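This report goes through the computed features of one protein model. Please keep the sequence and the coordinates at hand while reading.

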Amino acid sequence: MLAFKIALRYLLAPKSHRAVNVISIVSVAGVAVAAMAIVVVLSVFNGFADLADMHLAKIDPQVKVVPIEGKAFEGADSLACSLESLPQIVAASPTITERALLVADGGEQMPVKIKAFDFEDYSAVVPLQEIVIDGNMSSSNGLPDSLAAVQLSVGVALHTGLRPSPVAGATVYVPRRIGRVNPANPAAAYKSERVAVSGVFQVDQPEYDNDFVFVPIFLARELLVYDKGEASALELAIAPGVSQDHAVAAVEKLLPDGFKVLTRAQQQADTFRMISVEKWVTFLMLVFILLIASFNIVSTLSLLVIEKKDNMKTLRFLGASRNLVSKIFMWEGWLITVIGGAAGIVLGLFLAWVQQEFGLVKLAADPRELTISVYPVRIAWADILAVAVTVVVLGWLLGQVSKVFTRKIFR
């Protein structure tokens with residue numbers, strides 16, 4: 001501890017040359033600014049992850065049950081009733097997802113992804129009304145009784161020109177699953193149903209806004225020739241106050257073999273993985289900047305070694321070993337790095353908190369085209385720990401560098 005106490009005294013005591021003081025302050029400030037930038041940037045990435053989760057919560061269930069093999073399974077309705085009996089689950093709804101072709105009455109057509117469910121049951125799983133921007137999501141009010149009501153994503157509506165209307169409609173085509181195809185009559189290879197548009201929705205997530213169409217589950221079963229009770233997934237809502245892990249464990253215990261349970265993050269693994277990869281690649285780039293900023297500390301230590309050369313000789317005459325002299329400057333480099341890093345972390349936390357509470361930094365775009373007007377921020381203590389460990393390790397490495405050149409000077 002003697003080396004540490006001497007190093008701390010050298011750090012706090014005024015230097016005989018003003019240049020050494022200035023360079024020491026610059027070194028600490030450089031590390032502090034780099035550490036602050038890392039904390040703020042990681043917090044912003046956390047905010048964008050939360051924003052994506054908030055948007056997906058409007059359309060993705062908290063828990064989803066899917067078959068391990070195949071696209072559909074039987075007995076979905078009865079299994080949904082069994083899952084709803086669990087105290088951890090408040091609602092369960094069978095759904096079907098499939099590719100199809102949508103052809104508007106005006107002739108516009110596009111490939112779409114249909115998602116089918118019972119609108120009343122599914123509204124208890126996902127707050128569908130929150131994403132409706134035109135028309136309604138619940139029924140076929142004002143539509144012909146002979147036509148099923150569907151809801152289009154904003155991308156489909158813009159591409160086909162369809163809007164909620166009791167007059168204009170479209171036709172949904174899907175390839176026949178059962179039966180032989182006559183090459184002389186290609187149209188017979190598809191099953192089709194006329195539908196009417198009752199609503200348009202927007203989630204602010206491209207995977208849903210570009211090509212999704214919601215249809216009643218009875219219509220999808222008829223088009224795909226599914227038996228009653230057959231579905232491709234079960235989507236569940238967790239009871240208030242129940243943790244996701246407990247709910248998933250209860251569902252897995254009740255399910256028969258051949259099923260897997262997906263959380264919302266697992267359902268949208270690509271989206272959250274992309275955010276995570278961008279976050280940690282940016283972290284590595286900022287750590288590299290922190291490393292470059294830390295090279296100022298090496299110059300500071302070299303000047304300090306020159307200034308304290310006479311002091312070190314006095315210590316050597318008093319019996320101090322070369323190892324003790326090296327450790328003094330090793331601790332000096334570590335202290336400068338850690339103090340600068342700690343100051344940067346504190347400042348970064350303060351700036352992130354200010355942005356989180358007051359939203360001072362705005363997004364540079366037309367507010368009418370954005371779902372939020374300020375940069376989202378969330379402080380994650382795991383990120384702060386990662387930054388702190390990085391600073392401590394970097395300080396240790398710089399200390400080892402200082403040991404090398406002090407040994408050469410005082411050999």
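## Model and conventions

This is a predicted model, in which local features need pLDDT of at least 70 and side-chain atom pairs count only at pLDDT 80 or more, while totals for chains, interfaces and linings use all residues. Residues are numbered from 1 along each chain as its sequence is written, and side-chain values use heavy atoms, with hydrogens and water left out.

The mean pLDDT (the predictor's confidence in each residue, from 0 to 100) of the protein chain is 83, and 81% of its residues reach 70 or more. Where pLDDT is low, the predicted coordinates should not be read in detail.

## Overall make-up

The protein chain contains 13 helices and ten strands. These elements are DSSP runs numbered from the N terminus: H or I with at least four residues for helices, E with at least two for strands. Of the 411 residues in the chain, 47% are buried. Buried means under 20% relative accessible area, exposed means over 50%, and partly exposed lies in between (1.4 Å probe, protein chains only).

The chain exposes about 20,900 Å², of which carbon and sulfur atoms supply 61%. Accessible areas come from the Shrake-Rupley method with a 1.4 Å probe, and for residues only the protein chains shown count as cover. Taking contacts (heavy atoms within 4.5 Å) with a separation of 6 or more, 80% are accounted for by residues 24 or more positions apart.

## Strand 6 and its partners

Strand 6 (residues 169–175) is mostly covered, with five of its seven residues buried. Strand 6 pairs in the antiparallel sense with strand 2 (residues 89–104) over four bridges. It also pairs in the antiparallel sense with strand 7 (residues 190–201), over seven bridges. Two strands count as paired if DSSP finds at least two bridges between them.

Individual positions can be picked out on both sides. Val 103 stands opposite Thr 171 in strand 6, and Val 172 has Glu 193 in strand 7 as its bridge partner.

## Helix 7

Helix 7 (residues 217–224) is largely enclosed by the rest of the structure, because six of its eight residues are buried. The buried residues are Ile 217, Leu 219, Ala 220, Arg 221, Leu 223 and Leu 224. Val 225 follows helix 7 and has a positive phi, near 55°.

## Salt bridges

A search of the whole structure finds eight salt bridges. The criterion is a side-chain nitrogen of Lys or Arg within 4 Å of a carboxyl oxygen of Asp or Glu.

Arg 221 forms one with Asp 77, with the closest N and O atoms 3.4 Å apart. Arg 221 lies in helix 7 and Asp 77 in helix 3 (residues 76–84), so the pair ties together parts that are 144 residues apart in sequence. Arg 221 is buried at 11% relative accessibility, whereas Asp 77 is partly exposed at 31%.

Asp 105 and Arg 194 form another, their closest N and O atoms being 2.5 Å apart. Because Asp 105 lies in the loop between strand 2 and strand 3 (109–117) and Arg 194 in strand 7, this pair ties together parts 89 residues apart in sequence. Asp 105 is partly exposed at 44%, as is Arg 194 at 35%.

The side chains of Asp 50 and Arg 378 also meet in a salt bridge (2.4 Å, N to O). The pair links distant parts of the chain, 328 residues apart: Asp 50 is in helix 2 (residues 18–56) and Arg 378 in the loop between helix 12 and helix 13. Asp 50 is partly exposed, with a relative accessible area of 32%, and Arg 378 is partly exposed, with 32%.

## Helix 12 and the nonpolar patch

A nonpolar surface patch is formed by Phe 48, Leu 347, Phe 350, Leu 351, Trp 353, Phe 358, Leu 360, Val 361 and Tyr 375, with about 870 Å² of accessible area together. Patches are made of residues with over 30% relative accessible area and no salt bridge; like charges are joined within 9 Å and nonpolar side chains (Val, Leu, Ile, Met, Phe, Trp, Tyr) within 5 Å. Helix 12 (residues 322–358) supplies the largest share, five residues. Tyr 375 sits in the loop between helix 12 and helix 13 (381–409) and is partly exposed at 32% relative accessibility.

Gln 356 is also in helix 12 and is partly exposed at 38%. Not counting residues up to four places away in sequence, Gln 356 touches Val 377, Arg 378 and Ile 379. The C-alpha atoms of Gln 356 and Gly 47 are separated by 9.0 Å, although these residues are 309 apart along the chain.
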